[in-house]
Amino acid sequence: MMKKHTTLLAFILTTLPLAALEPPAFSGFTGILGQASLDKEIYGQGFFAGQFDFSGKLLFRTEFYLETDNLIENSILETPEDNNSKFKIQELSATYKMNMMNTSHFLSVFLGNFEPTGSDIFLQRQFGLKSIASRMTESFHGLSGAAFSSFLGAGLAYTIRFNSPFATAVYLYKNRDSSSDQSALSGNLRLAGALSSFIFDISVGANCPVSHETSSGDKVLFMIDYAILNGGITAMIGSNYTSSLYLQAGISDSIVNPPKSDDSYSVDTDKIYLIFEPRLVFNGGRIHFTLFNIPDGCFNDMIYFVHAPKNDGSSTAGINMCLFTENLYLDSKAVTLGINTTFCFPGTGLGSLAGNIQDCDRALYLAPFIEIPSAAGKITAIVSADILEIPKAAKESFVLMLGYRTQL
C-alpha cells in the first residue's frame, strides 16, 4: 500500500512542471492556537493550507496540521528525549477542471483527507459560500474542521457542477480498516446544492475491508466479507444573515454482515453524529441553541470542549447555547463578542442515556470569547471554564486560548 501511495504522490508532484507554463496564482490559509492553564500546561496547534491555481484549469492543494506536547514539560529550548510535537499531512491533491455543455467537471487525485463528510469545505469550493458550520464545532485542525466521516486514503474523485446550483461527486479510494488493520476499498457518492434559502450536502458510501484468506484458511485472490457504511447530511434552511435552522447527521460505523456475529447489520447508536441547531437573529445579536450527540473522535478536536476527557470509542450528548453579537466596532472593524454555554454527559451518547441518566457523568462548560479583526486575519481569545470541577481542581478548571487565522 505504501508503494502505491508513493506512486500517487509522485504523480502529483511530477505533474506540477507540466502546469508551470505560466505562473500560478497562490492562495492559502493558516491558523495557530495557543492553550494554557494554571496547572503549568502550555500547548500549541496550527494548520496551513495552500492552493496553486494554474489559469483555473489545474489546482494543486496541500494542507498539514501540527500539534505540540506540553511545552513546559518538553521545552523547545532543550533537546527532547522524545518527540514533543505531532505533524500530520491532511491533504495533497491535484485537480483538473474542464468546462463543457454548461457544466464544470473536476477530476482529482488525492492523498489524505479529501473533502470529508460533515465539513462544509465541498460547499465552499463548489459554490463559493462562506462557512455555515456550527460555532460550537470550531476547530484549529484545518479547513475541514472536526468532520465526522472522512474520505481518508489515496484515490480519485470526479465532480460535476451543473449550471444550476447543484453539484454531484463520486470518490473511489484505498485505505485501511482501523478495526481489522486490513486494506480496504472505499467508495462514496455525493449530492449538494446551494439555493437561496436552502443549502444541503449529502454523502453515502461504504468501506470494504479486503482479505485474501477464507475463514477456513484457504488462500483466495480477493474477498470482501463485510462492509462498513458511512454517510451524512449537512443542511441549512435560511441563510447566515437571517434566522435559520442548521442540521447535521451522520453515521460512520454501521456494519453490514459484521464478522463474528449472527446479525446481518450492526450500528452503534451512541456513535451517530447529530447536531440540531435553531439559529435566531434579533436586534443587536444572535442566539444558537444546539442539541448534539458527537463521537469523541470529533468532540476532542473542538476548541470549546478542551476540558472534555479524551475518551475513545464513545460519544458525548448534550445541549449548547451560543449567545453573541457582531455589532461591536473597533476602529470601524466589526468585533464579535459572545459566550458558549454547554451542559453535557461526557463519554455518554444519546443511545445510553435512557434509563441510565442518573449514573452518567455531567459537565458544565462556560467559554466567553472575543474575535477581533487584525490585518488580513482574525484574533480569537477564549477563556474556558469547567464549572463543576472548580471545587475539586481549580487550577485545571480554567484554560486560556489565543488563536489567529489569516488568509494568505
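Biologist: What share of the contacts in the protein chain with a separation of 6 or more comes from residues 24 or more positions apart?

Modeller: The model is a predicted one. In the protein chain, 56% of the contacts with a separation of 6 or more are between residues 24 or more positions apart.

Biologist: How many helices and strands are there in the protein chain?

Modeller: The protein chain has 21 strands and four helices.

Biologist: And how much of the protein chain is buried?

Modeller: Of its 408 residues, 44% are buried. The accessible surface of the protein chain is about 20,900 Å², and carbon and sulfur atoms hold 62% of that surface.

Biologist: Let us turn to one residue. Where is Gln45 found?

Modeller: Gln45 belongs to strand E2, which covers residues 41-54.

Biologist: Is Gln45 buried or exposed?

Modeller: Gln45 has a relative accessible area of 15%. Buried means under 20%, so Gln45 counts as buried.

Biologist: Which residues does Gln45 touch?

Modeller: Leaving aside residues up to four places away in sequence, Gln45 touches Gly31, Ile32, Leu33, Tyr65, Leu66, Glu67, Phe140 and His141. With Tyr65 there is also a polar contact of 3.3 Å between the two side chains.

Biologist: How far apart are Gln45 and Gly403 in space?

Modeller: Their C-alpha atoms are 9.3 Å apart, while in sequence Gln45 and Gly403 are separated by 358 residues.

Biologist: A change of topic: how many aromatic pairs are there?

Modeller: The count is 15 aromatic pairs, where two rings pair if their centres lie within 6.5 Å. One of the pairs is Phe54 with Phe60: the ring centres are 5.9 Å apart and the planes stand at 85°, so this pair is edge-to-face.

Biologist: Are Phe54 and Phe60 buried or exposed?

Modeller: Both Phe54 and Phe60 are buried. Another pair is Phe292 with Phe299, whose ring centres are 6.1 Å apart; their planes are at 25°, so the rings are stacked.

Biologist: What is the relative accessibility of Phe292, and what is that of Phe299?

Modeller: Phe292 is at 0% and therefore counts as buried. Phe299 is at 1%, so Phe299 counts as buried too.

Biologist: Which residues do ring pairs link into a cluster?

Modeller: One cluster is made up of Phe110, Phe114, Tyr171 and Tyr173, linked by ring pairs.

Biologist: What lies over the face of Phe324?

Modeller: Arg135 does, at 4.4 Å from the centre of the Phe324 ring.

Methods:
Residues numbered from 1 in each chain as written. Predicted model: local features only at pLDDT ≥ 70, side-chain atom pairs only at ≥ 80, totals over all residues. Heavy atoms only, no water. Phe/Tyr/Trp six-rings, centres within 6.5 Å; stacked < 30°, edge-to-face > 60°. Buried < 20%, exposed > 50% of the residue type's maximum accessible area, 1.4 Å probe, protein only. Lys NZ or Arg CZ within 6 Å of the ring centre and 35° of its normal. Helix = DSSP H or I, 4+ residues; strand = E, 2+ residues; numbered from the N terminus. Contact = heavy atoms within 4.5 Å. Areas by Shrake-Rupley, 256 points an atom, 1.4 Å probe, with all protein chains shown as cover. Polar contact = N/O pair within 3.5 Å; in protein donor to acceptor, adjacent residues only side chain to side chain.
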